[in-house]
Amino acid sequence: MELDLNNPQDFTLDNVKRLIASKDDSVDRQLRVTLNGIAYISDKVGGDDVMELAFRLETWDAKNSYSGVAASNDQRHITRIYNCLKLNWPKPSSSYIDVY
């Protein structure tokens with residue numbers, strides 16, 4: 001699943017929840033935003049393949065409830081991610097965001 005941060009009908013709290021639920025918590029993951037404003041959860045983490053990114057969040061270690069259905073039901077977690085995306089698009093504070 002992807003979210004277009006440029007489209008207010010796509011970039012909603014409910015869709016951030018769906019994005020988080022779209023990938024389980026079995027492996028390390030990373031939320032990334034492309035230069036065009038497309039947010040997605042990547043299986044590539046850390047500094048791998050970052051040339052086309054506007055920014056990325058810290059790597060979410062497996063089994064720590066950052067992604068998956070359980071994580072998507074944590075309203076505080078979802079709100080923090082939504083606010084982080086909103087604050088950093090289209091002008092990110094950094095290309096790597098680890099505090100949000």
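Is Lys23 buried, partly exposed or exposed? In this predicted model, Lys23 is partly exposed, its relative accessible area being 23%.

**View 1. The salt bridge between Asp43 and Lys23.** The closest N and O atoms of Asp43 and Lys23 lie 3.5 Å apart. Asp43 belongs to the loop between strand E3 (38–42) and strand E4 (53–57), and Lys23 to the loop between helix H1 (13–21) and strand E2 (30–34), so the pair ties together parts that are 20 residues apart in sequence. Asp43 is partly exposed, with a relative accessible area of 46%. Lys23 is likewise classed as partly exposed, at 23%, because the partly exposed class begins where the buried one, under 20%, ends.

**View 2. The salt bridge between Arg29 and Asp24.** In this pair, 2.7 Å separates the closest N and O atoms. Arg29 has a relative accessibility of 6% and counts as buried. Asp24, at 42% relative accessibility, counts as partly exposed.

**View 3. The network of Lys23, Asp24, Arg29 and Asp43.** Salt bridges link these four residues, Lys23, Asp24, Arg29 and Asp43, in a network. Among the pairs that contribute are Asp43 with Lys23 and Arg29 with Asp24. Side chains of opposite charge can pair when their charged atoms come close. In the model, the count of salt bridges comes to four.

**View 4. The salt bridge between Asp49 and Lys44.** The closest N and O atoms of Asp49 and Lys44 are 2.6 Å apart. Asp49 is exposed, with a relative accessible area of 52%, a value that falls in the exposed class because that class covers areas over 50%. Lys44 counts as partly exposed, at 45% relative accessibility.

**View 5. The packing of helix H1 against helix H3 (residues 75–88).** The axes of H1 and H3 are 9 Å apart and meet at an angle of about 110°. H1 and H3 are therefore roughly perpendicular to each other, because angles of 65 to 115 degrees count as such. The residues of the contact of H1 with H3 comprise seven nonpolar, three polar and one charged.

**View 6. The residues at the contact of H1 with H3.** On the H1 side, the contact involves Leu13, Val16, Lys17 and Ile20. On the H3 side, these meet Gln75, His77, Ile78, Thr79, Ile81, Tyr82 and Leu85.

Methods. Residues are numbered from 1 along each chain as its sequence is written. This is a predicted model: local features need pLDDT of at least 70, side-chain atom pairs count only at pLDDT 80 or more; totals for chains, interfaces and linings use all residues. Side-chain values use heavy atoms; hydrogens and water are left out. A salt bridge is a side-chain nitrogen of Lys or Arg within 4 Å of a carboxyl oxygen of Asp or Glu. Helices (H or I, at least four residues) and strands (E, at least two) are DSSP runs, numbered from the N terminus. Buried means under 20% relative accessible area, exposed over 50%, partly exposed in between (1.4 Å probe, protein chains only). Axes are lines fitted to C-alpha atoms, for helices over the stretch in contact, and angles run from 0 to 180 degrees between N-to-C directions. Angles under 35 degrees count as roughly parallel, over 145 as roughly antiparallel, 65 to 115 as roughly perpendicular and the rest as oblique. Contact means heavy atoms within 4.5 Å. Ala, Val, Leu, Ile, Met, Phe, Trp, Tyr, Cys and Pro count as nonpolar, Asp, Glu, Lys and Arg as charged, and the others, Gly among them, as polar.
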